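Student: Hi! I have a new protein open on my screen and would like to talk it through with you. Could we start with whatever term I need for the helix packing?

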Amino acid sequence: MVQLVGSLRKELADSLSTCKVLVVGAGGIGCELLKNLVLTGFKNIEVIDLDTIDVSNLNRQFLFQKKHVGKSKAQVAKESALQFCPTANITAYHDSIMNPDYNVEFFRKFMLVMNALDNRAARNHVNRMCLAADIPLIESGTAGYLGQVTVIKKGMTECYECQPKPAQKTFPGCTIRNTPSEPIHCIVWAKYLFNQLFGEEDADQEVSPDTADPEAAWNPEETAARATASEKDGDIKRVSTKEWARSTGYDPIKLFNKLFKDDIMYLLTMDKLWKKRKAPIPLDWQQLENSACPQDESPGSGLKDQQILGVWGLCQLFQHSVETLRSQLQEKGEGAELVWDKDDPPAMDFVTAAANLRMHIFSMNTKSRFDVKSMAGNIIPAIATTNAVIAGLIVLEGLKILSGELESCRTIFLNKCPNLRKKLLVPCILDPPSANCYVCASKPEVTVKLNVHKTTVLSLQDRILKERFGMVAPDVQIEDGKGTILISSEEGETEANNSKFLSDFGIRNGSRLQVDDFLQDYTLLVNVLHTEELDRDVEFEVVGEAPDKAPPPQNNQEEVNSITNGNKDSAQPSTSSKAPAEDDDIMIVDSDEEEGASSSSTAAAASGTKRKHSDEETGETSTKRPRTDQSSAAAAPADNDDDDIIALD
C-alpha cells in the first residue's frame, strides 16, 4: 500500500523536504510560486530578485502590502512565505541573477530551478547557466489571460534559445524625428525627449528634426532662412536639447514653443517630406491660451486615466509636469539625472502630454493616459488568477521532475478561451534540442553578416555578443593562427581596441572568431560574412534566421480566428523603443492531445505549427517547427505586461 504524507507519496514528500530549489523572480508569478512551494512541502528554497516593491504591484503580488513599498521583493516575499510555513528554510537575495557571484557552481547546488522572470536577457542567462550546470529548468510566463509553462533539460528538450527570435524592433530615426505616422512613433519620441531633457542623453535618441533624412533631399542653407521661428523665443540654436533647456531654466512655455512650433516649422521647410503626406500643423502657446475655452479646463467624465484631454488641457499637463520634473532635478543637485518610469506620475504625465501634442500636430487621434502608459510601458493589465494557475502548473511539473518522471513533463498552455475541445489547459510534448541551436548544440556556431570596415570592436562586443547573443562577459580570439585577443573580459586589457574597426585586425570575409563567456561556461564560434549591402540602420544580420517569417500555408488549414488580448497599439517597455507586438505573438493550441498538439500562425494563417509566444519585454516571437496538421486554433496576440509575461520559445 502506498504510504502518503498529505496528498504526496512519502518518498516524494521526503524528497521535497531535503531538495534545494531556486526561484528566479519574486513578482506576480514568483509570489504565487513561493506560496505554493512552502505549502506543498518544499523546505529549502532560495529566491533572487533585483526589484523593489512598487505600489502598482499590490493588485496581484499578494505577498506584499502597502507598508512594503520600496523594500526588496525577494526579502519581503521570504518573510511573507515563512508565515505560511515557519519551518521552511528560505534564503533571499536582493540582487541580479546575472551577477558573476551566481556562477555555475552556485547553480549546481540546486536540484531544480524555476524562472519567474521579466526580461529576455535574464532568461537567456539562466537558460545557459542551467545547461552548464545540467540542472532542470522550468520556464513560465503570463500575458493577461494567457499563460505557459515548459521544462528545459540539457540533452533532452529544446532550450530557451533553440528557436530564433526576431531582432529587437526599432524605428528609423528619421521616422521618429520627422515623419511620425502612428501614435507609437510619437510616444517613442516623447520618451526620448524625457531623456534628452531630464535623463541621460543618448545620441541615438535625438528629437530635433533630422536634417540628414535622405527622403527630404533638401538644401539646408537655402531653406534655413525660411525657418525664422528657430531664432525666436529664447534665441534657440541647434545645440544640445538639455543644454538649451537649462539655459531657459526649463521654462515650460519656451520648451513648448521650441518643440511644438519652432521645430515643426523647421520640418515644414523640408518640402519633399510633405508632397505625399499631410503636413504637420505647428502649435503656438499664446494662441492656444487666448483661444482656450473654460470647458477645456474642466475634467471629463469617467476615470481620470481614461479621459482624452483637449489640446489646451494637454498644454496645461505639459506645463505642470515640466515644472514638477524641474523641481525634482533641482532637489537632486547639480548634474543630476532622472530615470523615466511609467509608474512615476510626473514622468508619465510628461510623456502623455508631449506624445499627444505631437499626435495632434501630425493629425492623429490622441490617446488617454491609460493608453499611452500601456504603449510606453509595453504592458497589459496583469491578471492575478492567471499567475496563480501558472504557478500551480510550475509546481506540478516540478513534482514530476523530482519523482524521476522527466519524460512525462509537458509544455502546458493556458488559453484565454476554450479550444475546439473545450479545454483551457493544453499540454504538448516537449521538443528535442535543435541541432542548429547556437547555445545547446554540441559545437555552437553562427554566421554573422556585417561590414568589417564599419563595425567597431565595441559594437561587436555590446550590440552583437552581449545584446544579440546574450553574453555577459565575452572574450574574443581571432582564429588567425596567432591567437590574437580582440576582446578580453579583464578590465582594461583590450579597451584600446574598442574604437577600432574589425578590418583593422585583419578580420575579413570568412574570418572566424572564438568567443568564450566563462561565467556562462559557454563557447560560440562566429563566422564573419563581410557585406556592404545591409539595409539602412541595420548593423548586422545573423545568417539563416528568419523568425519574422511565418511557416508556409498548409493545404488543410482551417480558418483562424484572432482574439485580441490587450491594446494592439502596445509597444515597447520603458527601457526600449520597439514596435507594437504583432498579432501572431501568441498562438492558442486547440488540441488537448499530448502527442503533438498544434496550432496555427496568424500571420500566415498556417496550420501545423506550435503556437508562437512573446517575450514579456520585447514582444518578440519565435515559430516552433511543424508537429502535426490535425487541428487549427484561435490566435491571440499578446501585448506585454511589465513583469509576468510569456517568454518561452
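Tutor: Happy to! Contact here means heavy atoms within 4.5 Å. Keep in mind that this is a predicted model.

Student: Good. Which strands does helix α17 lie across?

Tutor: Helix α17, residues 457-468, lies across β11 (445-450), β12, β13, β14 (512-517) and β16. Relative to β13, α17 runs at about 70°.

Student: What is the strand order in the sheet?

Tutor: The order is β13-β12-β14-β15-β11-β16. That makes an open sheet of 6 strands, and the pairing is mixed.

Student: Which strands stand at the edges, then?

Tutor: Those are β13 (484-487) and β16 (540-542). Each has a single partner strand, so one side of each is left without a neighbour in the sheet.

Student: And what does the twist average?

Tutor: From one strand to the next, the twist averages 30°.

Student: New topic: His125. Where is His125 found, and is His125 buried or exposed?

Tutor: His125 is found in helix α5, which spans residues 120-133. The side chain's residue counts as buried, because the relative accessible area of His125 is 0% and the cut-off for buried is under 20%.

Student: What is His125 in contact with, leaving aside its neighbours within four places in sequence?

Tutor: With that exclusion, His125 is in contact with Ile97, Met98, Val472, Leu519 and Gln520.

Student: Now the surface. Which residues form a nonpolar patch?

Tutor: Val389, Leu424 and Leu425 form one, and together they have about 210 Å² of accessible area. Val389 has its place in helix α16, residues 384-402.

Student: How is Val389 classed?

Tutor: As partly exposed, with a relative accessible area of 34%.

Student: Let's zoom out. How many helices and strands are there in the protein?

Tutor: There are 17 helices and 20 strands. Of the 649 residues, 55% count as buried. The accessible surface comes to about 27,900 Å², and 48% of that belongs to carbon and sulfur atoms.

Student: Last one: what share of the contacts join residues at least 24 apart?

Tutor: That share is 71%, taken among contacts between residues at least 6 apart in sequence.

Methods:
Residues are numbered from 1 along each chain as its sequence is written. This is a predicted model: local features need pLDDT of at least 70, side-chain atom pairs count only at pLDDT 80 or more; totals for chains, interfaces and linings use all residues. Side-chain values use heavy atoms; hydrogens and water are left out. Two strands pair if DSSP finds at least two bridges between them. Helices (H or I, at least four residues) and strands (E, at least two) are DSSP runs, numbered from the N terminus. Axes are lines fitted to C-alpha atoms, for helices over the stretch in contact, and angles run from 0 to 180 degrees between N-to-C directions. Patches are made of residues with over 30% relative accessible area and no salt bridge: like charges are joined within 9 Å, nonpolar side chains (Val, Leu, Ile, Met, Phe, Trp, Tyr) within 5 Å. Accessible areas come from the Shrake-Rupley method with a 1.4 Å probe; for residues, only the protein chains shown count as cover. A salt bridge is a side-chain nitrogen of Lys or Arg within 4 Å of a carboxyl oxygen of Asp or Glu. Buried means under 20% relative accessible area, exposed over 50%, partly exposed in between (1.4 Å probe, protein chains only).
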